[in-house]
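Subject: Structure handover

Hello,

Here is the structure I promised to pass on. Please open it first, then read my notes below.

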Amino acid sequence: MQQQSVSELDKLCLDGRKRLSMSGVETVDSFSDQMLKLTVSANKVIIVGENIKITSYDKDKGQFNAEGNFTEIKYVQKKGSLMKRLFK
């Protein structure tokens, strides 16, 4: 049986900019009606919009669903230490 990498299991679906569903979500770091901060496969994801409501989250399966008026989705990659970035 072939193993899938974690990133192959991450999926994001945005339906009409109103409904969001994601898989591979490890944690919900913070949330408000204007912003969500999630950890997905050890990377941070920032989701911005209005009237955001989390409709479901199953931590064991990594399934996440929310509704609202979404305007921005940004993946924030980890940066290595300054020394590692300077001396590649």
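Start with Leu-14, which stands opposite Leu-20 in S2. Leu-14 itself belongs to strand S1, residues 11-15. One point before going further: this is a predicted model.

**The S1-S2 hairpin**

S1 pairs with strand S2, residues 19-23. The two strands are antiparallel, and five bridges link them. Together they make a hairpin, with three residues between the strands. Gly-16 sits in that turn and has a positive phi of about 60°. Arg-17 is in the loop between S1 and S2 as well. Its phi is also positive, near 60°, and Arg-17 is a residue other than glycine. Is Arg-17 buried or exposed, or partly exposed? Arg-17 counts as partly exposed, because its relative accessibility is 48%.

**A nonpolar patch**

Back to Leu-14. Its relative accessibility is 33%, so Leu-14 counts as partly exposed. Leu-14 also takes part in a nonpolar patch on the surface.

**Ser-23 in S2**

Now look at Ser-23, which lies in strand S2. Ser-23 has a relative accessible area of 11%, so it is buried. What does Ser-23 touch, not counting residues up to four places away in sequence? On one side of it in sequence come Leu-9, Asp-10 and Lys-11. Val-40, Gly-62 and Gln-63 complete the list.

**The S3-S4 hairpin**

Strand S3 covers residues 25-31, and strand S4 covers residues 35-40. They run antiparallel and are joined by five bridges. Here too there is a hairpin, with three residues between S3 and S4.

**Between S4 and S5**

Ser-41 is in the loop between S4 and S5. Ser-41 is not a glycine, yet it has a positive phi of about 50°. Why does Ser-41 count as buried? Ser-41 counts as buried because its relative accessibility is 16%, and the limit for buried is under 20%.

**Lys-44 in S5**

Strand S5 spans residues 43-58, and Lys-44 is found there. Lys-44 has 40% relative accessibility, so it counts as partly exposed. Gln-77 is 33 residues away from Lys-44 in sequence. In space, the two are 6.7 Å apart, C-alpha to C-alpha. Which residues is Lys-44 in contact with, leaving aside its neighbours within four places in sequence? They are Asp-29, Leu-38, Thr-39, Lys-74, Tyr-75 and Val-76.

**The aromatic pair**

Last, the rings. How many aromatic pairs does the structure hold? It holds one. The partners are Tyr-57 and Phe-64. Their centres are 6.0 Å apart, and the planes are at 65°. The pair is edge-to-face, because planes over 60 degrees apart count as such. The two residues can also be described by their accessibility. Tyr-57 has 30% relative accessibility, so it counts as partly exposed. Phe-64 has 0% relative accessibility, so it counts as buried.

Best wishes

Conventions:
Residues are numbered from 1 along each chain as its sequence is written. This is a predicted model: local features need pLDDT of at least 70, side-chain atom pairs count only at pLDDT 80 or more; totals for chains, interfaces and linings use all residues. Side-chain values use heavy atoms; hydrogens and water are left out. Rings of Phe, Tyr and Trp (its six-membered ring) pair if their centres lie within 6.5 Å; planes under 30 degrees apart count as stacked, over 60 as edge-to-face and the rest as tilted. Buried means under 20% relative accessible area, exposed over 50%, partly exposed in between (1.4 Å probe, protein chains only). Patches are made of residues with over 30% relative accessible area and no salt bridge: like charges are joined within 9 Å, nonpolar side chains (Val, Leu, Ile, Met, Phe, Trp, Tyr) within 5 Å. Accessible areas come from the Shrake-Rupley method with a 1.4 Å probe; for residues, only the protein chains shown count as cover. A salt bridge is a side-chain nitrogen of Lys or Arg within 4 Å of a carboxyl oxygen of Asp or Glu. Helices (H or I, at least four residues) and strands (E, at least two) are DSSP runs, numbered from the N terminus. Two strands pair if DSSP finds at least two bridges between them. Contact means heavy atoms within 4.5 Å.
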